[in-house]
Amino acid sequence: MEAQRIAHAVVSERLAACVNILPAIQSVYRWQEKIESAEEVLMLMKTTQERFPALRDRIVQLHSYDTPEIVALTIAAGTEKYLAWLGSQV
């Protein structure tokens, strides 16, 4: 499975501390002026702001899509222990 391959790569390369793979979502989107529908998986990757550019670039290298969905969401808050762990893993 492509998602597992990407997840293992970015965690082993310390670009992400953790990757969650949520299977079987249905995506509806416009691509090349057509409405498309596809079953996909959603990957949530936890990293730091500093490591995001390298993570983004690595996903682009590994992913089979021409335009993979890569967005960054800022962590507004979290437990100190978890955030320290995250930072120590990337």
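**Legends to close-up views of a predicted model**

**Figure 1. Overview of the protein chain.** Of the 90 residues in the protein chain, 22% are buried (buried means under 20% relative accessible area, exposed over 50%, and partly exposed in between, with a 1.4 Å probe and protein chains only). The model is a predicted one, in which local features need pLDDT of at least 70 and side-chain atom pairs count only at pLDDT 80 or more, while totals for chains, interfaces and linings use all residues. Residues are numbered from 1 along each chain as its sequence is written, and side-chain values use heavy atoms, with hydrogens and water left out. The secondary structure comprises three helices and two strands, in the order α-β-β-α-α from the N terminus (helices, H or I, of at least four residues and strands, E, of at least two are DSSP runs, numbered from the N terminus). Along the principal axes, the C-alpha atoms fill a box of roughly 45 × 25 × 20 Å. The accessible surface is about 6700 Å², and 54% of it belongs to carbon and sulfur atoms (Shrake-Rupley method with a 1.4 Å probe; for residues, only the protein chains shown count as cover).

**Figure 2. The hairpin of β1 and β2.** Strands β1 and β2 run antiparallel and are joined by twelve bridges (two strands pair if DSSP finds at least two bridges between them). Two residues lie between the strands of this hairpin, and Gln32 in the turn has a positive phi of about 50 degrees. Ile25 faces Glu40 in β2. Glu36 forms a salt bridge with Lys34, with the closest N and O atoms 3.9 Å apart (a salt bridge is a side-chain nitrogen of Lys or Arg within 4 Å of a carboxyl oxygen of Asp or Glu). Glu36 is partly exposed at 24% relative accessibility, whereas Lys34 is exposed at 52%.

**Figure 3. A nonpolar surface patch.** Leu22, Ile25, Leu42 and Leu44 make up a nonpolar patch with about 270 Å² of accessible area together. The elements giving two or more residues to the patch are β1 (18-31) and β2 (34-46). Patches consist of residues with over 30% relative accessible area and no salt bridge; like charges are joined within 9 Å, and nonpolar side chains (Val, Leu, Ile, Met, Phe, Trp, Tyr) within 5 Å. Leu22 belongs to strand β1 and is partly exposed, at 34% relative accessibility.

Figure 4. The whole structure contains four salt bridges. In one of them, Arg58 pairs with Glu13, the closest N and O atoms being 2.8 Å apart. This pair links distant parts of the chain, 45 residues apart: Arg58 lies in helix α2 (residues 52-62) and Glu13 in the loop between α1 (2-12) and β1. Arg58 is partly exposed at 22%, as is Glu13 at 33%. Asp57 forms a salt bridge with Arg56, with a closest N to O distance of 3.1 Å. Asp57 has a relative accessible area of 40%, and Arg56 one of 32%.

Figure 5. The structure holds one aromatic pair. The ring centres of Tyr82 and Trp85 are 5.6 Å apart and their planes stand at 40 degrees, so the pair is tilted (rings of Phe, Tyr and Trp, the last by its six-membered ring, pair if their centres lie within 6.5 Å; planes under 30 degrees apart count as stacked, over 60 as edge-to-face and the rest as tilted). Tyr82 and Trp85 are separated by about one helical turn because they are three residues apart in helix α3 (residues 80-89). Tyr82 is partly exposed at 32%, and Trp85 is partly exposed at 36%.
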